[in-house]
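Here is a briefing on one predicted model.

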Amino acid sequence: MSTTTRAAVVESGGAPFTLSDVVLDAPGPHEALVRMVATGLCHTDLGVASGGLPFPLPGVLGHEGAGVVEAVGPAVTGVAPGDHVLLSFTSCGDCRNCRGGHPAYCATWLPLNLLGGGRADGSHTISRDGESLGGHFFGQSSFAELALADERSLVKVDPDVPLESIAPLGCGVQTGVGAVWNVLKPETGGTVVVLGAGAVGLSAVMAAALTPATRIVAVDRVAERLSLATELGATHTVDTSREDLAEALTRITGGQGADGAVETTGHVGVLRQGVDALAARGTLVVVGAPPFGTEVALDVNGLLGGKRIVGLTLGDSETRTMIPALVHLVKDGRLPLHRLIGTYPFEDIDRAVQDMRSGKTIKPVLTF
């Protein structure tokens with residue numbers, strides 16, 4: 001049976017979010033209806049809303065949802081009505097990467113999460129006035145009071161942890177944490193450089209602080225964010241509005257270079273500087289996403305010392321293992337995610353967007 005709910009709809013590329021009544025399809029066999037309590041706002045949402053990606057519009061975005069299950073489809077076994085859940089990305093569950101514990105690299109990841117606007121069979125989950133809307137965004141489309149979510153995008157979490165305090169774990173936080181824990185895996189005495197001190201970058205800083213790395217360098221152009229990075233575990237900061245990045249990293253590392261770096265800005269010039277700053281056998285993780293087709297020039301001979309450049313989606317996380325662990329760390333105060341979050345009523349989504357774009361708020365979370 002279909003359900004009517006209120007959602008934030010993007011009518012066309014570059015248009016603002018508009019609150020509108022929409023109709024959700026009845027849950028399919030492997031879907032659940034979730035009453036949203038909170039949802040994070042991510043730069044990916046803004047990129048799609050701007051028309052930068054070929055997602056079908058009008059549509060409903062949102063992919064860092066947190067809520068309570070209201071109903072489940074007949075084949076759902078992992079959650080039940082009343083469960084507290086975080087919503088993350090979806091995946092097929094059956095391809096080689098999914099079976100190998102790498103669902104972020106699912107063979108059908110792009111159409112299922114980012115570009116398709118509907119289920120794998122082509123059917124739509126959201127409509128308005130009898131017309132289908134783009135939905136199924138990351139298997140959830142959580143910019144709505146109710147969301148129809150894939151079972152594989154749902155992670156059951158501790159009901160004692162306030163959902164608005166952990167909603168960003170579904171995308172941005174697990175991306176930054178996974179870059180450090182799942183790819184760099186810092187060794188004792190290592191140096192980790194984080195390029196960009198936004199939500200993903202600061203999550204990487206917090207993750208690095210829980211490893212044996214002894215130097216954690218946060219790089220940004222905003223002094224306030226660098227100050228926060230220090231409070232979250234950075235041992236050094238570089239303000240690139242005031243000093244040269246290469247010279248600063250040479251000084252900090254004693255000329256040895258960085259063992260690992262996380263590039264979160266999506267700026268190809270910064271990416272090139274990060275590669276150049278690596279030590280022999282060092283690794284740079286590419287997280288920031290510039291427009292499709294963007295290329296970067298590299299000194300090939302500079303790579304021959306064993307340097308690696310690794311692209312990353314969603315932290316290469318297996319969500320049902322990673323997210324509960326992160327929730328536990330938040331609950332224990334070891335992952336102070338609250339330092340990044342600013343909360344906004346759902347009705348103020350456009351103000352949240354403006355504050356995110358201006359840098360006033362690092363991680364907006366909409367509450368219902």
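A polar atom of the Thr175 side chain lies 2.8 Å from the backbone oxygen of Cys171. The model is predicted: local features need pLDDT of at least 70, side-chain atom pairs count only at pLDDT 80 or more, and totals for chains, interfaces and linings use all residues. Residues are numbered from 1 along each chain as its sequence is written, and side-chain values use heavy atoms, with hydrogens and water left out.

**Thr175**
- Thr175 is found in helix α4 (helices are DSSP runs of H or I, at least four residues; strands are runs of E, at least two; both are numbered from the N terminus).
- Thr175 is buried, at a relative accessible area of 7% (buried is under 20%, exposed over 50%, partly exposed in between, with a 1.4 Å probe and protein chains only).
- Thr175 touches Val200, Val287, Leu312, Leu314 and Gly315, not counting residues up to four places away in sequence (contact means heavy atoms within 4.5 Å).

**Helix α6**
- Helix α6 spans residues 223–232, where Arg225, Leu226, Leu228, Ala229 and Leu232 are buried.
- Down the axis of α6, the buried residues fall within an arc of 160 degrees, so they line one face of the helix (the arc is that of the directions from the helix axis to the C-beta atoms).
- Exposed Glu224 and Glu231 sit on the face of α6 turned away from its buried side.
- The cover over the buried residues of α6 includes α5 (199–208), β12 (215–220) and β13 (236–239).

Notes. Polar contact = N/O pair within 3.5 Å; in protein donor to acceptor, adjacent residues only side chain to side chain.
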